[in-house]
Amino acid sequence: MSLAEALAVLAAGIGAGTINTIVGSGTLITFPVLLAVGLPPVTANVSNTLGLVPGSLTGAFGYRRELAGQRDRLLRLGAVCLVGGVTGAVLLVTLPSKAFDAIVPGLIGAALVLVVLQPRLTRALQARRERDGTAAPSHGGPVLVLGMLLASLYGGYFGAAQGVLYLSLMGLLLDEPLQRVNGLKNVLAAVVNGVAALFFIVVAHMDWTAVALIAAGATIGGLIGARVGRRLPPAALRGLIVAVGIVAIVQLILI
């Protein structure tokens, strides 16, 4: 890898760490750059997964105030995401690389619709609960568990726009402000990326130079993303989620 290529990978890591902390979809920055510098697709994917883990951790640290009081929820959903992440990582090394291509753009599109409609849907759910005299499940209920399991399976497999899926599901099914949901998203993404990366270290070939460069960049980007993301009002954050999701759909269709 030349000096110019190394700097490009480092810069991509910073960008990915930043956008992952705020929304998600940082893989759409780093993965094409790794392909451009000559890495084979699977090597690029697994190296990228490991490299982005430190950025998820620094992003989660930056959102530590929003995580206060969510320990039990993190443990419950973290266990679900752990299982999904391992399953997705296994599928990556056993299924054809094009296995998810047909469904992923539609999946992200559906998530964006949920993000846009979330305030209205949340009010409708709250009104229904008030009529029925019931309360929202503190951990989201079985629908959220199933949705997070499937989203984490996808995250362990590839992960582009994984954060968008998490935000749409938890934003709708948890009675929490969007910024607290974003804090959850960062920790759960770190769980999925971390467990998938451990699996890939054992069974797949890593490009350790690429891993180190992305990790260094993502660590910086995670801190930047937390400073920026925590200051965004809900409407602006929701708009950014939709914008990033649309870019993700277009890029996934074209690559």
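These legends go with a few close-up views of a predicted model.

View 1. Looking element by element, helix α10 (residues 208–229) has the highest mean, at 94. At the other end sits helix α6 (residues 104–132), whose mean of 71 is the lowest among the elements of the chain. A word of caution for any view like this: where pLDDT is low, the predicted coordinates should not be read in detail.

**View 2. Helix α3 crossing helix α9.** Here residues 41–51 make up α3 and residues 178–203 make up α9. Their axes come within 8 Å and cross at roughly 130 degrees, so the two helices are oblique to each other. As for handedness, this crossing is left-handed.

**View 3. The side of the story told by residues: α3 meets α9.** Zoom in on the crossing and you'll find Val46, Thr49 and Leu50 on the α3 side. Facing them from α9 are Asn193, Ala196, Ala197, Phe200 and Ile201. Sorted by class, that contact has six nonpolar residues and two polar ones, with no charged residues.

**View 4. Asparagine 45 and its contacts.** Staying with helix α3, this view picks out asparagine 45. Is asparagine 45 buried or exposed? Its relative accessibility is 5%, and because buried means under 20%, asparagine 45 counts as buried. Apart from neighbours within four places in sequence, asparagine 45 is in contact with Phe31, Leu92, Tyr157 and Phe158.

How values were computed. Residues are numbered from 1 along each chain as its sequence is written. This is a predicted model: local features need pLDDT of at least 70, side-chain atom pairs count only at pLDDT 80 or more; totals for chains, interfaces and linings use all residues. Side-chain values use heavy atoms; hydrogens and water are left out. Axes are lines fitted to C-alpha atoms, for helices over the stretch in contact, and angles run from 0 to 180 degrees between N-to-C directions. Helices (H or I, at least four residues) and strands (E, at least two) are DSSP runs, numbered from the N terminus. Angles under 35 degrees count as roughly parallel, over 145 as roughly antiparallel, 65 to 115 as roughly perpendicular and the rest as oblique. A crossing is left-handed if the near helix is turned anticlockwise from the far one by less than a right angle, and right-handed if clockwise. Contact means heavy atoms within 4.5 Å. Ala, Val, Leu, Ile, Met, Phe, Trp, Tyr, Cys and Pro count as nonpolar, Asp, Glu, Lys and Arg as charged, and the others, Gly among them, as polar. pLDDT is the predictor's confidence in each residue, from 0 to 100. Buried means under 20% relative accessible area, exposed over 50%, partly exposed in between (1.4 Å probe, protein chains only).
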